[in-house]
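The report that follows describes a single protein model, going from one group of elements to the next.

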Amino acid sequence: MNYLSVENIAKSYGERELFSNVSFGINEGQKVGFVAKNGTGKTSLLNILSDADAPDEGKVIYRNDIRVAFLSQEPNLDPHLSIEQTIFSSDNPTLKIIENYEKALRNPEDADALQKAMDEMESNNAWDFETTYKQILFKLNLEHLDAEVKNLSGGQKKRLALARMLLKKPDFIILDEPTNHLDLDMIEWLEEYFRKEDFTIFMVTHDRYFLERVCNEIIELEEGKLYTYKGNYSYYLDKKEERHQLDQTNTDKAQQLYKKELEWMRRQPKARTTKSKSRIDDFHEIKHRASQRRKDHKVQLELNMERLGSKIVELHNISKELGGKQLIRNFDYTFKRGERLGIIGKNGTGKSTFLNMLTGNLKPDTGKIVVGETVKFGYYTQKGIEIKPGQKVIEVIREFGDYIPLKKGRQISAEQLLERFLFDRKKQYDYVEKLSGGEKKRLYLCTVLIQNPNFLILDEPTNDLDVLTLNVLENFLLDFPGCVIVVSHDRYFMDKIVDHLFVFEGKAEITDFPGNYTDYREYSESKKNSEPKPVEKKAKDNTWRDESTGSKLSYKEQKEFGKLEKEITKLEKEKEEIQKEFLKDLGGDEIKKASVKLQSVEDEIEEKTMRYFELMEKMES
């Protein structure tokens, strides 16, 4: 069943054409990721799909009987409503029934109203939806329902808009960077929720694990053309590489033919026959094909940074409290040359505070931080860059430096650095206010790099950057000879860049974990599974439910219960064997196959464990 048809749409701003003649369709059940460079029209396309903007040409057609929801990067919420009022202002009729029930619970002396509300809940099968409602609010950390929207942070507003959208139970969801402002636990919960729920999705996200695990189709806008890949992110990468190789082969052939035809053109007399005129027309087409060049924009910078001395950064027994909350307590650490550290932890556990102390922007309450004389910090913060009115791109970067030295006595100018980070010479003289959000972040990155630091600190560098720029940044960081600290919710980025993690556990505790993010998650899961778990009856959220519905297991269920424990044990052993495979020297395809197999086994363990406890609870009731 077709949900959306996009027919030959085009969009331009002045002389700048973002895209033209773009067509595609989305059918029920598809989960589509949209990939394009920053500044090529991703957000403009989403605005057209959400009816916040209109195309210059073409049309967008939705199926009449479907519910469509749109999550923008900057949610438009009523600042005077509370979190609870915002959620209940949705047009989902089941939410109205739950709202009436919640009001009746707050006035239990009105027994008739409470009974009426409960009857409504029962007749509309709203109990299960209420459980989902509470789960979503809990997972997105929106438990203070009376808090007003105007007092929420940008991240809280984004989470509230996400919760409101999910609770509408739409048929078709359009998402613009849904993982921004979510911590890692929230991202993984949302990933699993989208993977299992029967939504149709069209989304823009830089989170490549999210694309890999949620999407079953990737659409890419490249050089004004649309390419569709019927698979997840790994499939897209493989097929895109094949397409590029085929394009290069065709270009090479065209160049050979062009040389041959060029010689013929030079030998031709002025008088032309009909046949030769036809060949001349073909020549111009061949010339066009032969001149095609891919714009891969790979950054290749061999920085000649100032050498780090023996003393880099030493933390001696530091502690810090903010707003009456102890964030860091008695922490010691000594950084070494070439260190590649990732920092993870829930929002509010002290990650940004730690970085600000490290760079001298905050003082520890106790202890001391010793920074070596040769250390030159480059600090990329979440705040981004401050833009002066009327400032051009090239003027912004020149405020920080005109060039950076490279090895072998070479140097790279500000203009060349911008070019390598995807700003062509024409765009360098554009006004900064014309740039997209992702382009501004890319420019900010250039201002940090041109100062030639030897200790890079990147606080959420992946937000708003397109996948191409992320690949460029990753390749740069892999070759960067200095120290690197990364705070990021992008798991793919963390896995590729860091060697070990500082895990901000909360309650002022910091754990140094030897491995990347995936290693840490696997360790956490194995630790959780190995701990003895007392079998307890599940706490029931809704005490109003009928307690007399429990029953003993049927003969068939008893047989199933007896099998499940053995099957779970067998699957746990299989999981351990797969995890051991990752310790071997595997190729890319082998890693991919092992990852898919591991995910499948973990899903099966989770499913069988849930069923095991379900049967156990029924048996004991």
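## Sheets, helices and buried elements

Contact here means heavy atoms within 4.5 Å, and axes are lines fitted to C-alpha atoms, for helices over the stretch in contact, with angles running from 0 to 180 degrees between N-to-C directions. This is a predicted model, in which local features need pLDDT of at least 70 and side-chain atom pairs count only at pLDDT 80 or more, while totals for chains, interfaces and linings use all residues. Residues are numbered from 1 along each chain as its sequence is written, and side-chain values use heavy atoms, with hydrogens and water left out.

Strand β10 (residues 313-322) pairs with β13 in the antiparallel sense over five bridges, and V313 stands opposite V371 in β13.

A second open sheet of three strands has the order β2-β1-β4, again with antiparallel pairing. The strands β2 (16-27) and β4 (57-62) stand at its edges, each with a single partner strand, so one side of each is left without a neighbour in the sheet. The twist averages 15° from one strand to the next. Helix α1 (residues 42-49) packs on this sheet, touching β1, β2 and β4, and its direction makes about 130° with that of β1. Strand β1 (residues 2-13) is joined to β2 by eight bridges, the two running antiparallel, and K11 has F19 in β2 as its bridge partner.

| Strand pair | Sense | Bridges |
|---|---|---|
| β10 and β13 | antiparallel | five bridges |
| β1 and β2 | antiparallel | eight bridges |
| β5 and β6 | parallel | four bridges |
| β6 and β7 | parallel | five bridges |

Five of the five residues of strand β6 (residues 172-176) are buried, so this strand is largely enclosed by the rest of the structure; buried means under 20% relative accessible area, exposed over 50%, and partly exposed in between, with a 1.4 Å probe and protein chains only. In a regular strand the side chains alternate between the two faces of the sheet. F172, I174 and D176 point one way from β6 while I173 and L175 point the other way, and all are buried. In β6, F172 is the bridge partner of V68, and I173 has I201 in β7 as its bridge partner.

Helix α6 (residues 154-167) has 14 residues and reaches 20 Å from its first C-alpha to its last, close to the 20 Å expected at 1.5 Å a residue, where the expected span is 1.5 Å times one less than the number of residues. Since 10 of the 14 residues of α6 are buried, this helix is largely enclosed by the rest of the structure. Its buried residues, including G155, K158, R159 and L167, pack against β5, α2, α3, α5, β6 and α7 (184-196). Just after α6, K169 takes a positive phi of about 50°.

Helix α4 (residues 111-123) has 13 residues, which at 1.5 Å a residue should span 18 Å, and its end C-alpha atoms are 18 Å apart, in agreement. The buried residues of α4 are L114, A117 and M121. They cover an arc of only 65° around the axis, which puts them on the same side of α4, the arc being that of the directions from the helix axis to the C-beta atoms. The face turned away from this buried side carries the exposed residues D112, K116, E122 and S123, whereas the buried residues of α4 pack against α3 (93-106) and α5 (127-139).

For the protein as a whole, the secondary structure comes to 19 helices and 20 strands, where helices (H or I, at least four residues) and strands (E, at least two) are DSSP runs numbered from the N terminus. Of its 621 residues, 45% count as buried.

Methods: Two strands pair if DSSP finds at least two bridges between them.
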